[in-house]
Amino acid sequence: MAHQAHAYHMVDPSPWPLTGAVAALLLTSGTAIWMHFNSLVLMTLGLVLLLLTMYQWWRDIIREGTFQGHHTPPVQKGLRYGMILFITSEVFFFLGFFWAFYHSSLAPTPELGGCWPPTGITTLDPFEVPLLNTAVLLASGVTVTWAHHSIMEGQRKQAIQSLTLTILLGFYFTFLQAMEYFEAPFTIADGVYGSTFFVATGFHGLHVIIGSTFLAVCLLRQVQFHFTSEHHFGFEAAAWYWHFVDVVWLFLYISIYWWGS
Amino acid sequence: MAARLLLRSGFRAAAACRAARVPVPTRSMAAGGIPTDEEQATGLEKIIMKAMKDGTDPYNMLKPKSFAGSKADPHLVPSITNKRIVGCVCEEDNTAVVWFWLHEGEAQRCPSCGSHYKLVAHELPH
């Protein structure tokens, strides 16, 4: 162990920030190339590099924290700040799309018929699948809290059961939303209604998939005894992210599905 | 869930009263299946956990002790060598910090406010 008189973690040199930056470059330029010159090579390369970077970087963090004991109280505090700041930045990301939606829907232009929903748009009934989706996500919020308490109380079996249930509910939401997308009477090309609807709900769906993946990683770690009843920040971060995804859906449901119909 | 927990603790209490004195598993791997930090913490996290239980602070996580800074009660400055840089914020909210080297031996005074500082030998925790 290095000689230090402080409790912080001086991380060993790592190649993953560089590979991550290269992946970001390949993804962005690759997407532009795909759109203009019909070649998927660069973008695919970027995607593969991104996935490899994420896997190896987070694997290293797990090694440093769980197996090497570098995540002392001040280090954990820093990780908490980091996750909160990240989620805050995501809140602002979604705020932008809600701004776009309200900008277009509060003062609908003559081109739309001066009304919202615009003329010719058949909206989805908010009390059908969207309401079920709301119930599914709210239930998953309950099960993830159940999982947290199970971990804190040292109950392995319950922790695994409730975490699995949370992930299944997440998958169910994604499945239902995919069905809705397939069956919807309007597309993303249908004026500003289509744009705001699919971009906002689309990014939300992506975040549900990310959150489910995060929780799935936590499930694997829980099965392998990584978490202790006092120290399980990876799980807490996943739970925070999941609650954030749930809250965004509630705003989407109220604004776009219900008020906007 | 709360009701389930209540029921379970009720059953446990009843069983404990009725049954002979059976030793309760204190280690959580034996009890519920999730380890505790006591059982599984490792590395620096474990060292700090043990030190906090003993009441020591080898890695300076807590706020340092407050001294008057007078001749009788000088600021004690720990150092792993025979000198250390001190930055004195003479009055609260001062933006100009007074920096100086503090050497081992007699207490030195801040050139600006005159507070006393004394170097104290300190072992590196590891």
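Student: What share of the 126 residues in chain B is buried?

Tutor: Buried means under 20% relative accessible area, exposed means over 50%, and partly exposed lies in between, using a 1.4 Å probe and protein chains only. In chain B, buried residues make up 25% of the 126 residues. For chain A, 43% of the 261 residues count as buried. Please keep in mind that this is a predicted model, in which local features need pLDDT of at least 70, side-chain atom pairs count only at pLDDT 80 or more, and totals for chains, interfaces and linings use all residues. Residues are numbered from 1 along each chain as its sequence is written, chains are lettered from A and ligands numbered from 1 in the order in which they are written, and side-chain values use heavy atoms, with hydrogens and water left out.

Student: Thanks! How many helices and strands does each chain have?

Tutor: Helices (H or I, at least four residues) and strands (E, at least two) are DSSP runs, numbered from the N terminus. Chain A has seven helices and zero strands, giving the pattern α-α-α-α-α-α-α along the sequence. Chain B has four helices and five strands, and from the N terminus on they run α-α-α-α-β-β-β-β-β.

Student: How do I check the length of helix 4 of chain A?

Tutor: The expected span of a helix is 1.5 Å times one less than its number of residues. Helix 4 (residues 129–152) of chain A has 24 residues, so it should span 34 Å; its end C-alpha atoms are 35 Å apart, which agrees. Just after helix 4 of chain A, Gly154(A) takes a positive phi of about 75°.

Student: Which residues have a positive phi although they are not glycines?

Tutor: Here are two to look up. Asn38(A) has a positive phi of about 55° and lies in the loop between helix 1 (16–37) and helix 2 (41–67) of chain A. Asp93(B) has a positive phi of about 75° and is found in the loop between strand 2 and strand 3 of chain B. Asn38(A) is exposed because its relative accessible area is 68%, and Asp93(B) is exposed with a value of 68%.

Student: Where is there a cis peptide bond?

Tutor: Look at the omega angle of the bond. A cis peptide bond joins Trp116(A) and Pro117(A), with omega at about 0°. Pro117(A) sits in the loop between helix 3 and helix 4 of chain A.

Student: Which residues does Thr228(A) touch?

Tutor: Contact means heavy atoms within 4.5 Å. Not counting residues up to four places away in sequence, Thr228(A) touches Ile151(A) as well as Ile34(B), Pro35(B), Thr36(B), Asp37(B) and Gln40(B). Thr228(A) is in the loop between helix 6 (191–223) and helix 7 (233–259) of chain A, and it counts as buried because its relative accessible area is 4%. Thr228(A) and Pro110(A) are 118 residues apart in sequence and 60 Å apart in space, C-alpha to C-alpha.

Student: And is Gln76(A) buried or exposed?

Tutor: Gln76(A) has 13% relative accessibility, so it counts as buried. Gln76(A) belongs to helix 3 (residues 73–106) of chain A. Leaving out residues up to four places away in sequence, Gln76(A) touches His231(A) and Phe233(A).

Student: What share of the contacts joins residues 24 or more positions apart?

Tutor: Take the contacts with a separation of 6 or more. Residues 24 or more positions apart account for 74% of these in chain A and for 33% in chain B.

Student: Which residues make a nonpolar surface patch?

Tutor: Accessible areas come from the Shrake-Rupley method with a 1.4 Å probe; for residues, only the protein chains shown count as cover. Ile85(B), Val89(B), Val97(B), Trp99(B) and Trp101(B) make a nonpolar surface patch of about 520 Å². Among them, Val97(B) lies in the loop between strand 2 (83–88) and strand 3 (98–103) of chain B, and counts as partly exposed because its relative accessibility is 32%.

Key
Patches are made of residues with over 30% relative accessible area and no salt bridge: like charges are joined within 9 Å, nonpolar side chains (Val, Leu, Ile, Met, Phe, Trp, Tyr) within 5 Å. A salt bridge is a side-chain nitrogen of Lys or Arg within 4 Å of a carboxyl oxygen of Asp or Glu.
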